[in-house]
Amino acid sequence: MGIASRLIRPLALATVSALALAGCGTGGTSAGYSTGPIIYWSMWKEGEPQQKVIAGAISDFEGETGIQVKVQWQGRSNTDKLVPALNTNNVPDIVDQTFAKLATVLGDPGQAKSLGDAYAADVEGSKVSALVPAKYSSLVNIQNKDGQPWLIPYNLITDGIWFNAAKHPDLVTAPPKDWAGFLALLAKIKASGVAPIAADGDIAGYNSMWFTTLMNRTGGAGSFRTLVSDRTGAGWDDPKVLRVAQEVEQLVDAGYLIKGYDASKFPAQQQAWGAGKADLILNGSWIPAETKSYAAEGFQYSSFPLPGESGKAPLARTDFTGFAVPAKAKNAQAAEKLATYLLRKKYQNAFGTQATILPVRSDAAVPDALKKAKESLDSAPSVYLQNDGVTYPGYIEKVFGPLDDQLFLGKISSQEFVSQMKTAQIQYWKDKGQ
């Protein structure tokens, strides 16, 4: 399953001087900085395209700065290992992951260092704060209580309805703009004898995209987060919430989902989509890289935002893969230096051209397969994070996910979903003592 989930040479003499005063090259130490190696726990495994880009940047960083980086290519479980480490003095200086995982372990518990100084640093003549668009850095979810961000993203993740532009060039120029238009498209595809939508129903995170995306399309960014933050559960009585659940239910009842999606094993239906057995799939911007090995010959990746209510500009989901520095890091200043180094255009371009992911810099190269997705991000009036930034412990996994699965798999009705979600949410907050 894809999560692809997917900065700076010291140009200012003042920065160089500050590092020298901190003991650079002398074996000395100061608050947040030492000449010891940077300990980096990476979410990537050796051989992955993202790993190769970062490994190349680390080699350049060591050569230019003289600072050694000891990296452990741990893979996606790196934050699981971080939890027990935070209770010791043996913490890494820097770690990268998706926002949702970093928030749970570092951001929400207040275990991440504020990175205001890093955002003020210079990268090839621009401040980091200018290279990471304010649309993203201003999201309160990535800010500490002091209002400073604790995350430096190096690539973006978004989602959309993906399709083969070679088969549907009309969708490149004229995608559906509202829910009614989307349903009409699905009906037309079904009438042609092809499954309209592929979905791997055993992946709860993919299933939940439908409800959370439509919820925010209906009520605006933050709507889902507001709904689940309500300790009384009263928000589930809002007719708009039922309407969103009914829209998901429409897809099931009309037979717009590929046959067998409710009993398949990932990535069976994703592969079926790549092979042309279904025309559309709601998925993340990692899908072109993840399916290219089995996509039909001549497959041209493109996407459009899942449309919501008529007359409203589509919002865009964005998530980050980025760096955080634990508050207990012994070599925090040098770690921030490494994080900002990855914002150089050379490496941002490489993320786009070599790893087929979206770089965070707006002026960096974007692969053809992701250009429409990038346009949607750039033009969106506002953005929201995966699950609308909801990182309450266990809520998505144990409360929302299981019931949303039942709705999406056709096991309960929209009315039953809303009713049961209200009850489950009240119990969740009660169990939390709130």
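Where in the chain does Thr-356 sit? Thr-356 lies in the loop between helix H16 (345-353) and strand S15 (358-359). Those labels follow DSSP runs numbered from the N terminus, with helices being H or I runs of at least four residues and strands being E runs of at least two.

A quick word on what you're looking at. This is a predicted model, where local features need pLDDT of at least 70, side-chain atom pairs count only at pLDDT 80 or more, and totals for chains, interfaces and linings use all residues. Residues are numbered from 1 along each chain as its sequence is written, and side-chain values use heavy atoms, with hydrogens and water left out.

Back to Thr-356. Its phi is near 55°, a positive value in a residue other than glycine. At 15% relative accessibility, Thr-356 counts as buried, because buried means under 20% relative accessible area (over 50% is exposed, in between is partly exposed, using a 1.4 Å probe and protein chains only). Asn-387 also has a positive phi of about 55° although it is not a glycine. You'll find Asn-387 in the loop between strand S16 (383-384) and H18, and at 12% relative accessibility it counts as buried.

Now for a pair of helices. Helix H10 (residues 204-219) packs against helix H12 (residues 239-253) at an angle of about 135°, and their axes are 9 Å apart. The axes here are lines fitted to C-alpha atoms, for helices over the stretch in contact, and the angles run from 0 to 180 degrees between N-to-C directions. H10 and H12 are therefore oblique to each other: angles under 35 degrees count as roughly parallel, over 145 as roughly antiparallel, 65 to 115 as roughly perpendicular, and the rest as oblique.

Which residues of H10 make the contact? They are Trp-210, Phe-211, Leu-214, Met-215 and Thr-218. From H12 come Lys-240, Val-241, Arg-243, Val-244, Ala-245, Glu-247, Val-248 and Leu-251. Contact, by the way, means heavy atoms within 4.5 Å.

Stay with H12 for a moment. H12 has 15 residues and reaches 20 Å from its first C-alpha to its last, close to the 21 Å expected at 1.5 Å a residue. That expected span is 1.5 Å times one less than the number of residues. Among the buried residues of H12 are Val-241, Leu-242, Val-244 and Glu-249. Their cover includes helix H9 (179-191), strand S10 (195-198) and H10.

Asn-216 lies in helix H10 and is buried, with a relative accessible area of 1%. Leaving aside neighbours within four places in sequence, Asn-216 is in contact with residues including Ala-221, Phe-224, Leu-315, Tyr-384 and Asp-388.

Tyr-384 turns up again in the contacts of Thr-318. Thr-318 is in the loop between strand S13 (316-317) and strand S14 (319-324), and at 0% relative accessibility it counts as buried. Apart from neighbours within four places in sequence, its contacts include Tyr-136, Leu-156, Val-383 and Tyr-384.

Two last stops. Gly-181, in helix H9, counts as partly exposed at 26% relative accessibility. Gly-181 and Gly-308 are 127 residues apart in sequence and 9.7 Å apart in space, C-alpha to C-alpha. Finally, Phe-266 and Pro-267 are joined by a cis peptide bond, with omega about 5°, and Pro-267 is in the loop between H12 and helix H13 (268-274).
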